[in-house]
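Trainee: I want to learn how to read the packing of a protein model. Where do we start?

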Amino acid sequence: MTTSTDRSDIEFRPATCSDGAALWALVRATATLELNSAYFYLLFATDFGDHCLIAESGGETVGAVIGYRPPRDPSAAFVWQIGVSPAMQGRGLGLRMLKAWRNLPANRDADCITATVATDNTASDRLFRALARDLGTSVEVREHFTSDMFPAPHPPEPLYRIGPLSREG
């Protein structure tokens with residue numbers, strides 16, 4: 001599926017194993033997301049690629065939604081990370097990517113979207129609340145990862161649960 005922005009066309013597609021390095025580079029370029037090892041992104045793109053979204057413009061990865069279906073809650077589609085390249089930030093690409101991610105064949109039958117969001121991450125809070133509004137559903141925020149669970153100082157990360165979702169997308 002292709003959609004237009006004010007700068008260029010953006011193509012959304014599921015990730016493949018060859019996207020691992022680009023995912024790592026994108027997360028690193030955002031300078032705001034927690035960077036995992038390159039090997040992690042290779043594994044995620046390989047084993048969970050159908051549940052991840054790549055946004056490309058002119059052959060370059062400009063955004064991504066990294067996610068999966070949790071084994072203990074298979075009716076949910078979980079967002080691990082969402083990143084937009086610095087050059088594309090402020091254009092609404094994050095929300096468009098989440099909607100396209102939700103409609104990937106591997107995610108479209110999910111009853112809800114879940115994610116953890118650090119309590120100091122107001123941008124992600126606004127993004128997930130905007131997604132709930134656009135999908136015509138609610139967002140429930142509940143305690144999940146508390147500060148004492150992290151090995152180093154870290155704000156709590158409550159669980160956001162967006163749904164119920166319509167099966168029409």
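Mentor: Start with burial: a residue is buried under 20% relative accessible area, exposed over 50%, and partly exposed in between (1.4 Å probe, protein chains only). Helices (H or I, at least four residues) and strands (E, at least two) are DSSP runs, numbered from the N terminus. This is a predicted model, where local features need pLDDT of at least 70, side-chain atom pairs count only at pLDDT 80 or more, and totals for chains, interfaces and linings use all residues. Residues are numbered from 1 along each chain as its sequence is written, and side-chain values use heavy atoms, with hydrogens and water left out.

Trainee: How many residues of helix 3 are buried?

Mentor: Eight of its ten, so helix 3 is mostly covered under that cut-off. Among them are Leu-93, Met-97, Leu-98 and Trp-101.

Trainee: What covers the buried residues of helix 3?

Mentor: Read that from contacts, meaning heavy atoms within 4.5 Å. The cover includes strand 2, strand 3, strand 4, strand 5, strand 6 and helix 4.

Trainee: How do I read a nonpolar core?

Mentor: In soluble globular proteins, nonpolar side chains tend to be buried together. A nonpolar core is a set of buried Ala, Val, Leu, Ile, Met, Phe, Trp, Tyr and Cys residues joined through side-chain atoms within 4.5 Å. Here the largest one has 30 residues, and Val-79, Met-97 and Phe-128 have the most contacts inside it.

Trainee: Which element gives the most to this core?

Mentor: Helix 3, with six residues. Look at Phe-128 too: leaving aside neighbours within four places in sequence, Phe-128 is in contact with Val-79, Leu-98, Ala-115, Val-117, Tyr-160 and Ile-162. Another core, of 15 residues, lies apart from the largest one; Tyr-41 and Phe-44 are among its members.

Trainee: How do I read aromatic pairs?

Mentor: Rings of Phe, Tyr and Trp (its six-membered ring) pair if their centres lie within 6.5 Å; planes under 30 degrees apart count as stacked, over 60 as edge-to-face and the rest as tilted. This structure holds ten such pairs. Take Phe-44 and Tyr-68: the centres are 6.1 Å apart and the planes at 75 degrees, so the pair is edge-to-face. Phe-44 lies in helix 2 (residues 38–47) and Tyr-68 in strand 4 (residues 60–68), so the pair ties together parts that are 24 residues apart in sequence.

Trainee: What kind of pair do Phe-44 and Trp-80 form?

Mentor: A tilted one, at 6.0 Å centre to centre with 40 degrees between the planes. Trp-80 sits in strand 5 (residues 76–84), 36 residues from Phe-44. Phe-44 is buried at 8% relative accessibility, whereas Trp-80 is partly exposed at 38%. Both belong to one aromatic cluster, together with Phe-40, Tyr-41, Phe-48, Tyr-68 and Phe-78.

Trainee: Is Thr-116 buried or exposed?

Mentor: Buried, with a relative accessible area of 18%. Thr-116 is in strand 6 (residues 112–116). A polar contact is a pair of N or O atoms within 3.5 Å; within protein, one must be able to donate a hydrogen and the other to accept it, and residues adjacent in sequence count only if both atoms are side-chain atoms. One of 2.8 Å joins the side chains of Thr-116 and Glu-157.
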